[in-house]
Amino acid sequence: TSFESYQSFGLVADIGINYYHPVKLFSASLVLKIFGSQITKYYSEGERESVPFEIQAGISQKLAHAPFRLSLTLQHLQKWNLQYESDLEKNSSFIEEEVVTTSGKVGNIGDNLLRHAILGLEFMPGKNFYTAFGYNYQRRQDLKLTSLPAMVGFSWGFGLKVSKFHFSYGRATYHLAGASNLGLFMPNFGHVHSCSK
């Protein structure tokens, strides 16, 4: 990559493994995202920049006698503490320094644990249609407005198959100010057309 007159070379890759049991309708995966490092030409002399490496693991289970699939994704497994504290909060004179009680410690552990988890639910009434819903606790805690949290942290979507064509749409709310929309259209002959807003 290049930034103005600075250049650096690196090698990164996503490495994953998946296990699927067709009888039990169970799936498990492990992914190493952005695994690698800078190789030569550091931006700062003698200082190697870190890459945003992440370990993810996920499981999904389809119910045998109901059209539902449950999924759990664990993110940022290489780091325990995902809590964010802004400089404003650190320097605020309104925040009193107190000794954390036992119940506070338990709550703190629970909050951190939930920040690693992303929950998902799919409803599949037939082979040609599905709807999906997701909940990202960390995104909601970090990006919501306390006075108006709205749907921050939630996502939803659906997929439809008509003849030999597949269409899917998804929407994820990152902040009250906006959301991410993604549509995907896949004809049977292999070309993929996507549009996002």
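# Exercises on a predicted model

The protein has about 14500 Å² of accessible surface (Shrake-Rupley method, 1.4 Å probe; for residues, only the protein chains shown count as cover), and 62% of this surface belongs to carbon and sulfur atoms. The model is predicted: local features need pLDDT of at least 70, side-chain atom pairs count only at pLDDT 80 or more, and totals for chains, interfaces and linings use all residues. Residues are numbered from 1 along each chain as its sequence is written, and side-chain values use heavy atoms, with hydrogens and water left out.

## Exercise 1

Find which residues join Arg-115 in a network of salt bridges.

**Solution**

Step 1. Apply the cut-off: a side-chain nitrogen of Lys or Arg within 4 Å of a carboxyl oxygen of Asp or Glu. The whole structure holds three salt bridges.

Step 2. Take Asp-111. Its side chain meets that of Arg-115 at 2.8 Å, N to O. Both residues lie in helix H2 (residues 102–115), four residues apart, about one turn of the helix. Helices (H or I, at least four residues) and strands (E, at least two) are DSSP runs, numbered from the N terminus.

Step 3. Take Asp-142. Its salt bridge with Arg-115 has the closest N and O atoms 2.8 Å apart. Asp-142 is in helix H3 (residues 137–143) and Arg-115 in helix H2, so this pair ties together parts 27 residues apart in sequence.

Step 4. Join the pairs. Asp-111, Arg-115 and Asp-142 form one network through shared partners.

## Exercise 2

Decide whether Arg-115 and Asp-142 are buried or partly exposed.

**Solution**

Step 1. Set the limits: buried is under 20% relative accessible area, exposed over 50%, partly exposed in between (1.4 Å probe, protein chains only).

Step 2. Arg-115 has 7%, so this residue is buried. Asp-142 has 31%, so this residue is partly exposed.

## Exercise 3

Describe the salt bridge between Arg-69 and Glu-122.

**Solution**

Step 1. Read the distance. The closest N and O atoms are 3.1 Å apart.

Step 2. Arg-69 is in strand E6 and Glu-122 in strand E7; the pair links distant parts of the chain, 53 residues apart.

Step 3. Check the accessibility. Arg-69 has 25%, so this residue is partly exposed. Glu-122 has 21%, so this residue also counts as partly exposed.

## Exercise 4

Locate Thr-173 and list its contacts.

**Solution**

Step 1. Thr-173 lies in strand E10 (residues 165–175). At 14% relative accessibility, Thr-173 is buried.

Step 2. Neighbours within four places in sequence aside, Thr-173 contacts Arg-139, Met-151, Val-152, Gly-153, Phe-154, Gly-178 and Ala-179.

Terms used: Contact means heavy atoms within 4.5 Å.
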